[in-house]
Amino acid sequence: MQGWTLYRDGRTIRPGEVVGPGQRLSWPRTIGIGAQHVVAMFGATFLVPLITGFPPSTTLFFSAIGTFGFLLITGNRLPSYLGSSFAFIAPIGAVMGTHGMSTALGGILVVGVLLALVGVVVHVAGAHWIDVVMPPVVTGTIVALIGFNLAPAAWGNVSAAPVTAIVTIAAIVLITVLFRGILGRLAVLLGVLVGYAVAAWRGEIDFTKVGEADWVGLPQFTTPTFDLATLGLFIPVVLVLIAENIGHVKSVAAMTGDNYDAITGRALIADGVATTLAGAGGGSGTTTYAENIGVMAATRVYSTAAYATAATFALVLSLSPKFGEVINTVPAGVLGGAATVLYGMIGVLGARIWVQAKVDFSDPVNLTTAGIALIVGIANYTWVAGDLTFEGIALGTASALLVYHVMRAISRWRGTAVEPVRAGTPVDGD
């Protein structure tokens with residue numbers, strides 16, 4: 001564990017330089033940047049509990065505790081905020097209606113434990129084996145099918161108040177392209193605020209509970225229960241969290257010029273512990289947040305002190321029931337508009353993984369893997385085996401892994417593996 005040293009005079013960042021994880025600016029500036037990180041994570045972190053029916057204050061509480069734990073476990077060397085993971089929305093939504101919140105928390109807790117165990121293996125054996133088991137075509141497919149599987153949930157909220165939803169979507173779109181810097185990066189949060197204002201004007205918000213709530217108090221805690229029949233819905237989320245955490249480590253390494261491979265395992269352990277704690281007490285599962293990478297890129301400040309400050313802000317806000325009730329007033333139309341954008345982005349992020357890794361879809365193995373898994377996930381195929389029920393995300397994930405590795409093994413055995421097609425290479429008929 002390392003502390004922070006003051007960067008130069010603590011005020012001005014020289015051209016071409018960055019404030020590293022072990023450094024900090026003056027405390028007033030550090031506090032200001034920490035507040036920016038809270039704003040950056042706010043919209044996405046709160047959308048998950050609002051959509052799933054979890055208590056927002058409890059989710060914020062565990063995101064703060066998880067962020068403190070992340071900094072501690074990674075030795076204060078890797079900047080990250082742990083916010084709500086969208087990968088949990090589909091399994092939570094599937095479980096909440098039939099089994100209730102406590103069973104959903106049991107699934108979240110199991111995911112956290114499994115992720116922490118993966119982190120231990122990576123810390124001991126290195127991260128190379130993850131690339132072997134989950135090559136980019138598989139990882140991208142899993143991320144994409146989770147986003148697209150959520151499309152019906154978005155439509156359910158949009159149909160409740162279509163005008164408000166359209167205004168919210170339009171606001172997000174326009175803010176994204178109208179503003180530079182931090183405002184553009186906060187398009188979802190600002191779009192939600194615009195939609196909220198329209199919903200209030202249209203009389204779609206009830207503020208009764210806000211007035212009744214106390215200013216200070218503990219969040220609502222819930223203990224988990226476990227149902228083997230629902231765990232198949234949650235286990236695939238582990239693969240997404242692995243991909244998100246490794247992507248975060250590599251992104252920070254690229255921006256700072258430092259090599260963080262040695263603490264990749266610690267990052268996975270830390271997120272696993274944070275998700276386990278959330279599942280044990282009533283919060284949404286966590287993940288490293290890309291939204292906060294945008295703040296780091298804009299400010300060139302990678303100081304973990306800013307994240308400790310952000311976690312402190314989040315912890316204080318989580319201890320206000322009145323603040324939690326304000327968040328709970330966000331109406332369905334606003335949620336539907338924001339979800340339309342965010343779920344689509346998750347799906348397209350899967351495609352971005354393919355593009356960045358230059359996945360070759362002229363190879364039938366890659367093409368078939370992605371094609372089958374996406375249809376299984378988007379159509380929400382369901383398989384019931386006794387008391388166990390496996391739905392689109394679980395079956396789509398299993399399909400991607402099984403189809404890829406079986407086809408790849410047979411093609412190598414039979415010598416039918418396809419050489420990658422390069423630009424300018426003639427094909428039959430040319």
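How many cavities of 30 Å³ or more does the count come to? In this predicted model, whose residues are numbered from 1 along each chain as its sequence is written, local features need a pLDDT of at least 70 and side-chain atom pairs count only at pLDDT 80 or more, while totals for chains, interfaces and linings use all residues. Side-chain values use heavy atoms, with hydrogens and water left out. Rolling a probe the size of a water molecule over the atoms shows where empty space is left. On a 1 Å grid over the protein atoms alone, a cavity is a set of points where a 1.4 Å probe fits but cannot get out, whereas a pocket is an open set with protein on both sides within 12 Å along at least five of seven lines, and lining residues have an atom within 4 Å of a point. By this rule the count comes to 1 cavity of 30 Å³ or more.

The largest cavity has a volume of about 30 Å³, a volume being the space filled by probe spheres set on grid points that are joined across faces, edges and corners. Its lining consists of Leu25, Thr30, Ile33, Val301, Ser303 and Ala306, and by class this lining has 4 nonpolar, 2 polar and no charged residues; here Ala, Val, Leu, Ile, Met, Phe, Trp, Tyr, Cys and Pro count as nonpolar, Asp, Glu, Lys and Arg as charged, and the others, Gly among them, as polar.

The second largest pocket has a volume of about 300 Å³ and is lined by 17 residues, of which Ala90, Gly93, Ala94, Asn149 and Leu150 lie nearest its centre. The elements that give two or more residues to this lining are helix H3 (89-96), helix H7 (151-158) and helix H20 (392-414), where helices (H or I, at least four residues) and strands (E, at least two) are DSSP runs numbered from the N terminus. The most is given by H3, with 5 residues, and the lining of the second largest pocket has 12 nonpolar, 4 polar and 1 charged residues.

A search of the whole structure finds 3 salt bridges, a salt bridge being a side-chain nitrogen of Lys or Arg within 4 Å of a carboxyl oxygen of Asp or Glu. In one of them, Arg408 pairs with Asp363, the closest N and O atoms being 3.0 Å apart. Arg408 lies in helix H20 and Asp363 in the loop between helix H18 (332-356) and helix H19 (364-378), so the pair ties together parts that are 45 residues apart in sequence. Both Arg408 and Asp363 are buried, where buried means under 20% relative accessible area, exposed over 50%, and partly exposed in between (1.4 Å probe, protein chains only). A salt bridge also joins the side chains of Arg202 and Glu204 (3.0 Å, N to O); Arg202 is partly exposed at 41% relative accessibility, and Glu204 is partly exposed at 27%.

Most residues other than glycine have a negative phi, and most peptide bonds are trans. Lys358, however, has a phi near 55 degrees, a positive value in a residue other than glycine; Lys358 lies in the loop between H18 and H19 and is exposed, with a relative accessible area of 72%. Asn380 likewise has a positive phi, near 55 degrees, and is found in the loop between H19 and strand S5 (383-385), where Asn380 is partly exposed with a relative accessible area of 30%.
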